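Please read its numbered points with the structure in view.

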Amino acid sequence: MSGPIIEVRGVTKAFGGVVANREVSLTVERGSITGLIGPNGSGKTTLFSSIVGQHPIDSGSIRFDGREISRLGVQGIARLGLQRTFQQTRVFAKMDCVQNMLVSLPQAESGFFDMFKPYPPDLIAKAEHLLEFVGLYTKRRLAAGSLSFGQQKLLEFAMALMNEPKVLLLDEPTAGINPTLINGLIDRLKRANRDYGITLFVIEHNMRVVMNLAQHIYCMAVGKVLCSGTPEEVKNDPRVIDAYLGAAA
Amino acid sequence: MKLASRTAALHAAILVVGLAAPFVFPAHSVQFAVFWIMVLFALTWDAMGGQMGYNSLGNIAFFGIGMYICAITQIGLVYDVGEYTAANGAVAIHFTDAQYFGGLALGTALAAVGATIMAAILSWVLAGIRGPYFAIGTLGVAIAAAELTAAWPWVGGGQGISMPVFPGAPGMRERFFYFACLAAAVACYLFFRWLYGTRFKLAVNAIRDDEDKAEALGLHTRRYKAVAWSSAAFFLGIAGALFGNMTGFVEPLETAYPTLTFGIFMIAMTLLGGKGTLWGPIIGATVFYVMRELTWTYLLGWQYIALGVLIIVTVVYFQQGILGWVKSRRPEWFGVKVEERGGPDSGKPRPAPAPKAVSA
């Protein structure tokens with residue numbers, strides 16, 4: 001099944017006098033890996049936050065799976081199957097990795113009395129399997145807060161997979177990760193997309209990573225979508241180079 | 001299994017001591033009864049403050065609400081409440097055994113239910129408030145509850161209510177309420193022990209560690225807050241109902257809503273014992289209550305200063321509490337598995353249960 005799963009139409013978001021997103025429109029195809037690049041301060045993370053409902057948008061429309069979500073709250077959107085990871089990792093620091101995974105179960109179906117159930121062994125096995133998938137199996141009994149920044153990123157990625165989202169928004173997944181592990185992470189992102197059928201929408205500064213990963217890339221600059229296309233097209237677009245390095249006078 | 005059998009032995013030992021105490025030291029039954037109330041206070045405070053990271057300064061409100069609901073039920077079953085309170089204790093009614101114990105049972109049940117409903121409503125109102133704002137908001141609830149009660153003549157206002165007289169033989173009253181308080185504390189412990197074995201525990205811990213992330217994962221955070229607070233309120237309501245009858249006189253500031261004594265004690269005990277653990281509050285309540293009794297006996301006049309010093313030392317130098325400190329020193333006593341050092345972790349296949357790495 002193809003067609004757009006996220007449709008952003010004319011979204012504007014201002015913080016006081018600073019317009020972080022101005023009339024942003026883009027689409028993410030179902031089952032794709034879509035990249036989002038742009039210099040620092042171009043509004044990428046603001047757009048992510050708007051999509052997942054972290055703050056209300058000033059105008060425009062955001063549709064997820066054909067449904068308008070721009071008026072829903074964070075929890076409601078998450079339960080529809082839209083997850084994000086954070087640029088600065090957010091894990092539950094005093095809980096161990098397995099506990100972090102278990103608490104990340106999908107919540108769409110959870111009724112009031114589900115909170116009084118124990119965790120069945122198959123869920124614990126699934127949590128451990130996913131920790132193994134991201135290479136944290138041997139750390140599974142350590143408090144998440146004692147992991148390195150890169151390991152916390154991997155844990156947060158595994159937690160997102162545990163949540164079984166339809167779409168996963170990744171905010172700089174390779175930032176702070178040991179360069180020798182980046183190839184492994186790219187491979188895992190691709191496998192999550194292929195094997196688990198999760199659509200990925202990725203903010204990334206590492207051009208090698210995003211060119212390797214994404215089928216379609218949007219480039220933002222000063223709050224607007226500058227251009228989009230295949231990695232090859234975007235890489236060779238002079239506007240993109242100007243945006244990053246400053247336009248030649 | 002070693003841990004399980006040790007826990008069972010501990011339970012049995014505490015239960016034996018608890019059951020024997022009023023027979024061995026009959027003169028101190030009331031002190032022991034208050035001790036069990038203290039255990040209940042600490043356990044219920046920890047459900048919000050320790051496990052979920054929501055520091056409530058107003059949990060004492062549920063204690064007072066329970067106390068008043070029970071008192072009014074007991075009186076209302078046999079007499080007009082307004083006339084009874086207006087007479088200021090001058091109405092002498094003889095309660096038969098059936099009236100007294102029936103009223104007490106019904107009153108305690110209604111106290112538990114009423115406090116639970118109150119907490120559910122309050123959690124809805126205060127759910128969006130975090131950190132210090134939540135603490136001050138809940139403190140406001142406790143103070144407002146006391147003031148409203150004091151200004152309400154039908155429930156006795158600031159004058160209070162003289163409770164029905166216990167119908168049994170002299171000495172039986174203390175024993176009866178001792179066992180009632182013991183039962184309430186044990187029920188409270190068993191309930192939270194069960195609750196912390198369910199998904200609830202990880203969810204409220206997640207709210208404590210990072211509520212925004214918990215929301216981003218789609219957790220129904222409001223449900224958890226409502227359940228955590230209502231559970232605490234349920235047992236606090238029972239405690240209030242029993243305490244009011246044990247004291248024999250109910251009035252708003254000193255008995256029902258003692259924000260500055262019991263309201264602070266429940267926090268201090270939990271912090272001292274180790275918040276966020278099941279046994280920490282119990283240990284904290286024990287140490288704190290012993291200290292309190294000793295200072296009241298030997299340092300009279302300085303007792304609040306001594307307790308204040310204890311609280312300051314705990315908060316400044318000993319934040320993890322007694323159990324937290326032991327846990328950080330001896331994690332294996334708590335069944336915590338320490339790190340398996342499996343070498344560089346780069347998606348290696350799961351290692352077979354390997355022999356323990358040789359430590360240098």
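**Notes on a predicted two-chain model**

1. Helix H13 (residues 280-298) of chain B and helix H14 (residues 303-317) of chain B pack with their axes 8 Å apart, at an angle of about 150°. Because angles over 145 degrees count as roughly antiparallel, H13(B) is roughly antiparallel to H14(B). The crossing in which H13(B) passes H14(B) is right-handed. The model is a predicted one, and the remarks below should be read accordingly.

2. Which residues bring these two helices together? From H13(B), Met291(B), Arg292(B), Thr295(B) and Trp296(B) take part, and they meet Gln303(B), Ala306(B), Leu307(B) and Leu310(B) in H14(B). As background, an α-helix has 3.6 residues a turn, so residues three or four places apart point the same way.

3. Chain B as a whole contains 15 helices and 2 strands. Its C-alpha atoms fill a box of roughly 80 × 50 × 40 Å, taken along the principal axes. A compact globule of 360 residues would have a radius of gyration near 21 Å, and the 23 Å of chain B agrees with this. Of the 360 residues in chain B, 46% are buried. Among the contacts in chain B with a separation of 6 or more, 79% are accounted for by residues 24 or more positions apart.

4. Chain A has 9 helices and 10 strands. For its 249 residues, a compact globule would have a radius of gyration near 18 Å; the value for chain A is 18 Å, which agrees. The box filled by the C-alpha atoms of chain A is roughly 60 × 40 × 40 Å along the principal axes. Buried residues make up 46% of the 249 residues of chain A. Residues 24 or more positions apart supply 68% of the chain A contacts with a separation of 6 or more.

5. How many residues of each chain are in contact with the other chain? The figures are 35 residues of chain A and 30 residues of chain B. On the side of chain A that touches chain B, the elements that give two or more residues are helix H2 (74-80), helix H3 (97-102) and helix H6 (179-195) of chain A. H2(A) gives the most to that side, with 4 residues.

6. An open sheet of 4 strands in chain A has the order S2-S1-S4-S5, with antiparallel pairing. Its edge strands are strand S2 (18-29) and strand S5 (67-68) of chain A, each of which pairs on one side only. Strand S4 (residues 59-64) of chain A pairs with S5(A) in the antiparallel sense over 2 bridges. Arg63(A) stands opposite Glu68(A) in S5(A).

7. Is Glu23(A) buried or partly exposed? Glu23(A) has 14 other C-beta atoms within 10 Å, and is therefore partly exposed.

8. A second residue other than glycine with a positive phi is Glu172(A), where the value is near 55°. Glu172(A) is found in the loop between strand S7 (167-171) and H6 of chain A. A residue is buried if 20 or more other C-beta atoms lie within 10 Å of its own; Glu172(A) has 20 C-beta neighbours inside 10 Å, so it counts as buried.

9. Strand S9 (residues 216-221) of chain A and strand S10 (residues 224-229) of chain A run antiparallel and are joined by 5 bridges. Within this pairing, Ser228(A) in S10(A) is the bridge partner of Tyr218(A). S9(A) and S10(A) form a hairpin with 2 residues between them, and Val222(A) in the turn has a positive phi of about 35°.

10. Is helix H1 (residues 44-51) of chain A mostly covered or mostly exposed? H1(A) is mostly covered, with 8 of its 8 residues buried. The buried residues of H1(A) are Lys44(A), Thr45(A), Thr46(A), Leu47(A), Phe48(A), Ser49(A), Ser50(A) and Ile51(A). Gly53(A), which follows H1(A), has a positive phi near 85°.

Conventions. Residues numbered from 1 in each chain as written. Chains lettered and ligands numbered in written order. Predicted model: local features only at pLDDT ≥ 70, side-chain atom pairs only at ≥ 80, totals over all residues. Pairing = 2+ DSSP bridges. Rg over C-alpha atoms; globule rule 2.2 N^0.38 Å. Buried ≥ 20, exposed ≤ 12 C-beta atoms within 10 Å, placed from the backbone. Contact = placed C-beta atoms within 7 Å. Axes fitted to C-alpha atoms, helices over the stretch in contact; angles between N-to-C directions. Parallel < 35°, antiparallel > 145°, perpendicular 65-115°, else oblique. Left-handed = near helix turned anticlockwise from the far one by under 90°.
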